[in-house]
Amino acid sequence: MNVKDIVKRGYELFEKGDMETFFGEIIDENCVWTFPGTKHPLSGVHKGKNAMMQNMGKIPVLWENFHVVPDFMISEGNKVFCKANATAVGMETIFGHYFEVNDEGKLVTFMTFDDTLSMFNAMKN
């Protein structure tokens, strides 16, 4: 599988809600997820699979009917950038996601460049 296929599979598993397979097949134990900022509920540098799982677990609590669908991907070597369409109740926007894949075919770096204002405005009360 090439790096774009790995990232695409990750989006497919996330969309289906198959987080067990997502974290088992796609995410490396030492993956680092960086969500810029300090005031957004997902902000921070989340080191390791468990930290990533814990933070991603906030998504269904904070946003109703949350979906992220890739629009296109660009890759170079082990790096992938994806422009994605994101929706939830009260939100329709675009996200930018950057990934690095290791030699074992697992994500080791994930950086989100999301529309945090739209996300904040669509959060459940």
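What covers the buried residues of helix 3 includes helix 1, helix 2, strand 1, strand 2 (44–47), helix 4 and strand 6 (107–114). Contact here means heavy atoms within 4.5 Å. Helices (H or I, at least four residues) and strands (E, at least two) are DSSP runs, numbered from the N terminus. This is a predicted model: local features need pLDDT of at least 70, side-chain atom pairs count only at pLDDT 80 or more, and totals for chains, interfaces and linings use all residues. Residues are numbered from 1 along each chain as its sequence is written, and side-chain values use heavy atoms, with hydrogens and water left out.

## Helix 3

The buried residues of helix 3 are Lys49, Met52, Asn55 and Met56. Seen down the helix axis, these buried residues fall within an arc of 130°, so they line one face of helix 3. The arc is that of the directions from the helix axis to the C-beta atoms. Asn50 and Gln54 sit on the other side of helix 3 and are exposed. Buried means under 20% relative accessible area, exposed over 50%, and partly exposed in between (1.4 Å probe, protein chains only).

## Salt bridges

The count comes to three salt bridges. The rule asks for a side-chain nitrogen of Lys or Arg within 4 Å of a carboxyl oxygen of Asp or Glu.

| Salt bridge | N to O distance |
|---|---|
| Glutamate 25 and arginine 9 | 3.0 Å |
| Glutamate 29 and lysine 49 | 3.2 Å |
| Lysine 83 and aspartate 71 | 2.8 Å |

Take the salt bridge of glutamate 25 and arginine 9. Glutamate 25 lies in helix 2 (residues 19–26) and arginine 9 in helix 1 (residues 3–16), so the pair ties together parts that are 16 residues apart in sequence. Glutamate 25 is partly exposed, at 41% relative accessible area. Arginine 9 also counts as partly exposed, at 24%.

Next comes the salt bridge of glutamate 29 with lysine 49. This pair links distant parts of the chain: glutamate 29 is in strand 1 (residues 27–35), lysine 49 is in helix 3 (residues 49–56), and they are 20 residues apart. Lysine 49 is buried, with a relative accessible area of 11%.

Lysine 83 and aspartate 71 also meet through their side chains in a salt bridge. Lysine 83 belongs to strand 4 (residues 79–88) and aspartate 71 to strand 3 (residues 67–76), so the pair links distant parts of the chain, twelve residues apart. Aspartate 71 is partly exposed, with a relative accessible area of 43%.

## Aromatic pairs

The structure holds nine aromatic pairs. Rings of Phe, Tyr and Trp (its six-membered ring) pair if their centres lie within 6.5 Å; planes under 30 degrees apart count as stacked, over 60 as edge-to-face and the rest as tilted.

One of the pairs is phenylalanine 22 with phenylalanine 23. It is edge-to-face, at 5.0 Å centre to centre and 85° between the planes. Phenylalanine 22 is buried at 6% relative accessible area. Phenylalanine 23 is buried at 7%.

The rings of phenylalanine 66 and phenylalanine 95 have centres 6.4 Å apart and planes at 35°, so this pair is tilted. Phenylalanine 66 lies in the loop between helix 4 (59–62) and strand 3, and phenylalanine 95 in strand 5 (residues 91–101), so the pair ties together parts that are 29 residues apart in sequence. Phenylalanine 66 is buried, with a relative accessible area of 15%. Phenylalanine 95 is buried as well, at 3%.

Ring pairs link Phe14, Phe22, Phe23, Trp63, Phe66 and Phe95 into a cluster.

## Leucine 13

Leucine 13 is placed in helix 1. It counts as buried, at 1% relative accessibility. Not counting residues up to four places away in sequence, leucine 13 touches Asp18, Thr21, Phe22, Glu25 and Ile26. From leucine 13 to isoleucine 26 the C-alpha to C-alpha distance is 9.2 Å, and the two are 13 residues apart in sequence.

## Cysteines

There are zero disulfides in the structure. A disulfide is a pair of cysteine sulfur atoms within 2.5 Å. For cysteine 31, the closest cysteine sulfur is in cysteine 82, 15 Å away and too far for a bond. Cysteine 31 counts as buried, at 0% relative accessibility. Cysteine 82 is likewise buried, at 0%.
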